[in-house]
Amino acid sequence: MKKSIGDNIIPKGMSFEQGLHLVKRAGYDGIEMWLGAQPWFQMKTSDAEARDLYRKIRDAGLLVSNVSNSLDWDENICARDPRVQQAAFRHIERQLETARMFETDAILVVAGVVTEENPYNEVYGRCRDALQMLGGKAASAKVKIGIENCNSEQRFLLSPREFSKFLDEVNSQWVGIHLDVGNIHDDGFAEQWIEITGPRITRIHLKDVLKHRGRCGNQSVYTNLFLGDNNWVAIHNALQKVKYDGWLIAEMESRYHYAADQQFFDTAVAMDRVISGRL
Amino acid sequence: MLTRRQILLIAASGALLPYTGLAAREKRRQAARWIVVDRRNSLACESARGFQAALRRTGERFEVSDAVPLCRAELIVLPFAGTLPQRQVSQLRSQLASGCSVIFESGASFASHDEKLRQRMMWRQAFGIHADLPPSAPACPVGDPPDYVRYHWPADVQIRHFGEFFPVDISGAEEIAIYREGTVAIRKRIGGGELLFLSSPLGPMLAAEDHQAAELTAGMIQHSMSI
């Protein structure tokens, strides 16, 4: 397994190049590029600028693990408003394009956000139809779309069996699950999600979660690896069982208040322990 | 055109009939694959459902019965099998002698101490298999992470451990799975047939749609064709 971390964690005031240097020094193999999260990678970023970003990544001795986006929360494929849905299609297509430029084969999409106004069944059908269409584009690009499980935030596809059934209905080998082991909260167990969705996992986000704590003000339920309630031995064993050998990507929502660079190093060491099973 | 195997099956039933309507009816009556299940045991029924799903995927006909068939069979699966009556044991040995593959899944997990002892004695007398009692501490205490049985035949897969751990002696047999350093499944030639002895239940994982359990069982069924 290889280690990666998102470019969205690069501290404010640090340039992209400085961030890459830090990621490399901390021991990661790659970087997750977040479309829309940092000034250097936006929808208005041209192809030439994107290629320049990739040159810098390679110069730093890193690979791109995948292309994610921070835009789905406002522009989602489940939107009732066709203009919003079209905007979602555009940024996902841009992810597919840049993934090819960055020589990676996976993107992350948050498909579906259930609200009081946009109910579950509508979201389900619209997401399924949209992903059947996008699956064709992903096949053309030879880039897999990983649908992230943001269980509590999306209030959608809340169990691994339902997630699998949803993927059955999408019925594309180019659409799988980008599994976040921290997002399951009180609704289940990360290791069971790994077992059930195993062959369909495109990438894995690692973070820990404080179960029994809802979001409160600006407090996060997420925390650094080994400080939360995930059972990391079980997660390691389940990864071995399903023979997952792909990218593990750190996604740290809670940031260090001081010595921001230290979080990169500490997280990398913790990821090594998850990979080796020394827990 | 009858295959050699079909001719042998018909012959074993008592009469080598010409391939007439009567013979065809006879062939249909005699399924080559059987699941023998104790319907009074809910876990045996759950496990049987898993094996039924696995056999259904092969597209071949099979029968579910509460007793070891008298007609010659290619494959007999005993899901979560308890202590069998002596007559059933003899029939099973006779099937093995004539070239049948038997998947025997132990039903000793969750059994009383006396029942465990009875089952161990039956394994020894019927198949020459020696197994220890489970360690006194539970294999998976509540709160411990789940652990997996590691199969290395006929597929390299890991299956969630289920129930209790009965270490099996591999003398005269070939180990096919381990759990925490101990052998928990073996294959053993008996007569012209072969016994696959699973001391950690597999059927419930099939019923739970575990992909690797399905792959493993498909390999076992495929192998039974080559005996």
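Leaving aside neighbours within four places in sequence, Asn76(A) is in contact (heavy atoms within 4.5 Å) with Val84(A), Gln85(A), Ala88(A), Val110(A), Ala111(A), Gly112(A) and Val113(A). The model is predicted: local features need pLDDT of at least 70, side-chain atom pairs count only at pLDDT 80 or more, and totals for chains, interfaces and linings use all residues. Residues are numbered from 1 along each chain as its sequence is written, chains are lettered from A and ligands numbered from 1 in the order in which they are written, and side-chain values use heavy atoms, with hydrogens and water left out.

Asn76(A) lies in the loop that links strand 3 (63-69) to helix 3 (82-101) of chain A. Helices (H or I, at least four residues) and strands (E, at least two) are DSSP runs, numbered from the N terminus. Asn76(A) counts as buried because its relative accessible area is 4%, where buried means under 20%, exposed over 50% and partly exposed in between (1.4 Å probe, protein chains only). A polar atom of the Asn76(A) side chain lies 2.8 Å from the backbone nitrogen of Gly112(A).

Helix 8 of chain A is mostly covered, with eight of its 10 residues buried. The buried residues are Trp232(A), Ala234(A), Ile235(A), His236(A), Asn237(A), Ala238(A), Leu239(A) and Lys241(A). At the start of helix 8 of chain A, a side-chain oxygen of Asn231(A) comes within 3.3 Å of the backbone nitrogen of Val233(A). Just after this helix, Lys243(A) has a positive phi of about 60°.

The interface joins 15 residues of chain A to 13 residues of chain B by contact. The two chains bury about 1100 Å² between them, 39% of it on carbon and sulfur atoms. Buried area is the accessible area (1.4 Å probe) that two parts lose on being put together, summed over both. Glu195(A), Asn237(A) and Lys241(A) supply 48% of the area that chain A buries against chain B, more than any other three residues.

Three salt bridges are counted between chain A and chain B. A salt bridge is a side-chain nitrogen of Lys or Arg within 4 Å of a carboxyl oxygen of Asp or Glu. Glu195(A) forms a salt bridge with Arg160(B), with 2.7 Å between the closest N and O atoms.

On the side of chain A that touches chain B, the elements giving two or more residues are helix 7 (190-197) and helix 8 (232-241) of chain A. Helix 8 of chain A gives the most, with six residues.

Chain B has seven helices and nine strands. Of its 227 residues, 52% are buried. Among contacts in chain B between residues at least 6 apart in sequence, 66% join residues at least 24 apart.

Gly193(B) belongs to strand 9 (residues 193-198) of chain B. Gly193(B) is buried, with a relative accessible area of 0%. Beyond neighbours within four places in sequence, Gly193(B) is in contact with Leu96(B), Gly99(B), Cys100(B), Lys188(B) and Ile227(B). The C-alpha atoms of Gly193(B) and Val102(B) are 7.9 Å apart, although 91 residues separate the two along the chain.

Methods:
Polar contact = N/O pair within 3.5 Å; in protein donor to acceptor, adjacent residues only side chain to side chain.
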